[in-house]
There are 2 protein chains.
Amino acid sequence: MKKSYIFTPGPSPVPPEVGIAQVKMVHHRSPDFGEYLDRVLNGLKYVYQTENDVIMFTSSGTGAMEGAIANCFSAGDKVIAFAGGKFGERLVEISNCFGLNCIAIEYEWGENADPAALEKALEENPDTRGVFLTQSETSTGVVNDVEAFARIVARTDALFLVDAISGLGAVDLKTDEWGVDLVVGGSQKALMIPPGLAFVAVSKKAWKAVDTATLPRYYFCFKAAKASQSKTPPETPYTPAITLIQALDVAMSMIKDEGLENVFARHELFARATQAAVEALGLEFVATDRSRAFVTTSVWAPEGIKGGDIVKAMRNDFGMFIAGGQGKLKGKIFRLGHVGYFDRFDITSQLAGLELALKKLGYPVEIGAGVTAALKVLAGE
Amino acid sequence: MKKSYIFTPGPSPVPPEVGIAQVKMVHHRSPDFGEYLDRVLNGLKYVYQTENDVIMFTSSGTGAMEGAIANCFSAGDKVIAFAGGKFGERLVEISNCFGLNCIAIEYEWGENADPAALEKALEENPDTRGVFLTQSETSTGVVNDVEAFARIVARTDALFLVDAISGLGAVDLKTDEWGVDLVVGGSQKALMIPPGLAFVAVSKKAWKAVDTATLPRYYFCFKAAKASQSKTPPETPYTPAITLIQALDVAMSMIKDEGLENVFARHELFARATQAAVEALGLEFVATDRSRAFVTTSVWAPEGIKGGDIVKAMRNDFGMFIAGGQGKLKGKIFRLGHVGYFDRFDITSQLAGLELALKKLGYPVEIGAGVTAALKVLAGE
């Protein structure tokens, strides 16, 4: 008997009732669909902790990142982007692709982006129009201090854009209270549905920028999306991924039933349990600061073992999908997931699978040590 | 008892086995997914009748239209776009949005785009870099003569871009034999899956244009997509709509089993049957030339009855979704669908529903006349 487990930090596991919600498609101009979309858009505001518009696109999260940039900036605009992982690098790439004058602040993969570096960069570049930060850098497991960055950006006229694709709904992000202008989210992480939908929360300040920004955008046009979403019932400008919106309606009601605070607490608990197991197994973390690293736990592969071999062993022997390294960390690390639809036994199962895989690959494992350490955290000990 | 029928020309009905294929999501870096994607990409080549690369995006068809333009052209490039309906107008809008020098050739909604008008425009504009045409103009039901246009464009250096979103897999389009450089398709029409995936077939000539085109593109970057799709097993650059690709794998095998020629013949037969019913009911067609109008049958609402009232009556009384008019035809027409997953009894059911709705709205219907006329065509009489 080999079951199938998706334990990657996106796509994350899909609840059966969410999966089934895709089967019977309604028409996107039907009253039923209008009700789904209305509930989903309101649910997104709840998760985003915002009264701002949340714009929805049928695309990967990357599409919404492009949309946030293309709608609010013009060629030559100076922006500061933090790059300490694959997704931070993507912010730089998109900026360069669209002809922004992008100051890339690179930091070590595994470190946190440094608010002091932003202060310095802003002092040196008072004409900065935008600051781009990854909240949860999925490639390293690091979760940056969005609030600290927001305080600094708030002293300037710059727009603050946060890629929260893997962190949204897993780690606290108070869009309005902290004053984040553009928050990009995706469907296949804490929102618990398959990939294919992406979102951007757009502040009033960002909408003002939309009016003067000259980069070309059509499919990702915020104004077109807002005009359609503002109708009663709400619509989308182009035919959307209807079955995914049906799925999101179910997932949203699960999140609302659990309550956002409880959802955050669950993510923190499962991360702490996983971290305890990693320590008990004598392994080393990639993320040096784990105080907010609640989306994925990145771990250095032990000496003499390739990260990919651990991934393959867990997949081939147990049907468990965990993630390997990306970019410059490829082959060197593995990543344990705990974002979205996980319960405590998924956490212990994942760690049990890890112990068995490590033993098979020759790493000296005291079998049960990781699982026990995690279970103690879960038991509140 | 009221069932639910999607008879719109997109999204079109989803076969139950296709709907169910979305339930259990695989991981997009799993061997299973690689097999799905490989089969789907090969299946698309079959439907497109091409050896060219077919690039896949997670987006609405409009996203792929933008991608085709943004990857192959530069600001200021002169293009000729035919606009005789909502989707032709969209080609003009995207061109203008991206700063192309777009010569819009408007033609009457309901008429066919005229190859002679293209010849004249090309003579007057020998520096034309692209010709944009809608194959199946879903807003009017007109299907243009892509082959005739292709012959004319072939005499020039211009790229020929065809929006085949609603026609692909319904009406013959020989991408390679006719030499169409960019063919845009969508998932929610003849391909029988829910909306959310879009495609572009890219000729060698178009790839050369990609090398020099300077419009910004990131999410819709052809080169990035090709690099990922060329891997073994194939991948996508960003997390794709996995469950829709699973669905497309099932739908593709249905199309292959039926055979493309038979699929085309079925669409033609059902269109002819629907046309016969419309004539028998004494109604007037929007499309003046119906020799290729096999995707949707657009009909003028009878004097004194709003198109939307017919749509609403069929929806509210029978759970049948047909389409009303778009743009300048809003309220004036209704559109009967027969693209994708329709069998002959869907055709007669739709017409039966139409007869009942028309009678209710006060139109003098000889009940059974439309259904009988259609059935005679289906019976081969």
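This is a predicted model: local features need pLDDT of at least 70, side-chain atom pairs count only at pLDDT 80 or more; totals for chains, interfaces and linings use all residues.
In what order do the seven strands of the open sheet of chain B stand?

Local features are given only where pLDDT is at least 70 and side-chain atom pairs only at pLDDT 80 or more, whereas totals for chains, interfaces and linings use all residues. Residues are numbered from 1 along each chain as its sequence is written, and chains are lettered from A and ligands numbered from 1 in the order in which they are written.

**View 1. The seven-stranded open sheet of chain B.** The strand order is β2-β10-β9-β8-β5-β3-β4, with mixed pairing. Helices (H or I, at least four residues) and strands (E, at least two) are DSSP runs numbered from the N terminus, and two strands pair if DSSP finds at least two bridges between them. Strands of a sheet pair through backbone hydrogen bonds, either parallel or antiparallel. In chain B, β2 (53–58) and β4 (101–106) stand at the edges with a single partner strand each, so one side of each has no neighbour in the sheet. On average, neighbouring strands are turned by 20 degrees against each other, direction ignored. β3 (residues 78–83) and β5 (residues 130–134) of chain B pair in the parallel sense over three bridges; the bridge partner of Ala81(B) in β5(B) is Phe132(B).

View 2. Axes are lines fitted to C-alpha atoms, for helices over the stretch in contact, and angles run from 0 to 180 degrees between N-to-C directions. Residues are in contact if their C-beta atoms, placed from the backbone, lie within 7 Å.

**View 3. The three-stranded open sheet of chain B.** The strands follow the order β11-β14-β13, and the pairing is antiparallel. At the edges are β11 (296–300) and β13 (323–324) of chain B, each of which pairs on one side only. Two bridges join β13(B) to β14 (residues 333–337) of chain B, and Ala323(B) stands opposite Arg335(B) in β14(B). Helix α12 (residues 307–318) of chain B packs on this sheet, touching β13 and β14 of chain B, with its direction at about 40 degrees to that of β14(B).

**View 4. Packing of α2 against α10 in chain A.** The axes of α2 (residues 31–48) and α10 (residues 242–258) of chain A are 9 Å apart, and the helices pack at an angle of about 50 degrees. α2(A) is therefore oblique to α10(A); angles under 35 degrees count as roughly parallel, over 145 as roughly antiparallel, 65 to 115 as roughly perpendicular and the rest as oblique. The crossing of α2(A) and α10(A) is left-handed, a term used if the near helix is turned anticlockwise from the far one by less than a right angle. Residues of α2(A) in this contact include Phe33(A), Tyr36(A) and Arg39(A), and those of α10(A) include Ile242(A), Asp249(A) and Lys256(A). The residues of the contact divide into 11 nonpolar, two polar and three charged (Ala, Val, Leu, Ile, Met, Phe, Trp, Tyr, Cys and Pro count as nonpolar, Asp, Glu, Lys and Arg as charged, and the others, Gly among them, as polar).

**View 5. The interface of chains A and B.** In this interface, 39 residues of chain B are in contact with 39 residues of chain A. Among the elements of chain B that each supply at least two residues to this side are α1 (16–20), α3 (61–72) and α4 (86–97). The side of chain B that touches chain A comprises 20 nonpolar, 17 polar and two charged residues. Of the interface residues of chain B, 100% are also interface residues in chain A, so the copies meet through the same surface.

View 6. A rotation of 180 degrees with 0.0 Å of shift along its axis superposes chain B on chain A (RMSD 0.0 Å), by least squares on the C-alpha atoms of residues with pLDDT of at least 70 in both. In chain B, the C-alpha nearest the axis belongs to Ser59(B), 2.5 Å from it.

Notes. Two residues are in contact if their C-beta atoms, placed from the backbone, lie within 7 Å.
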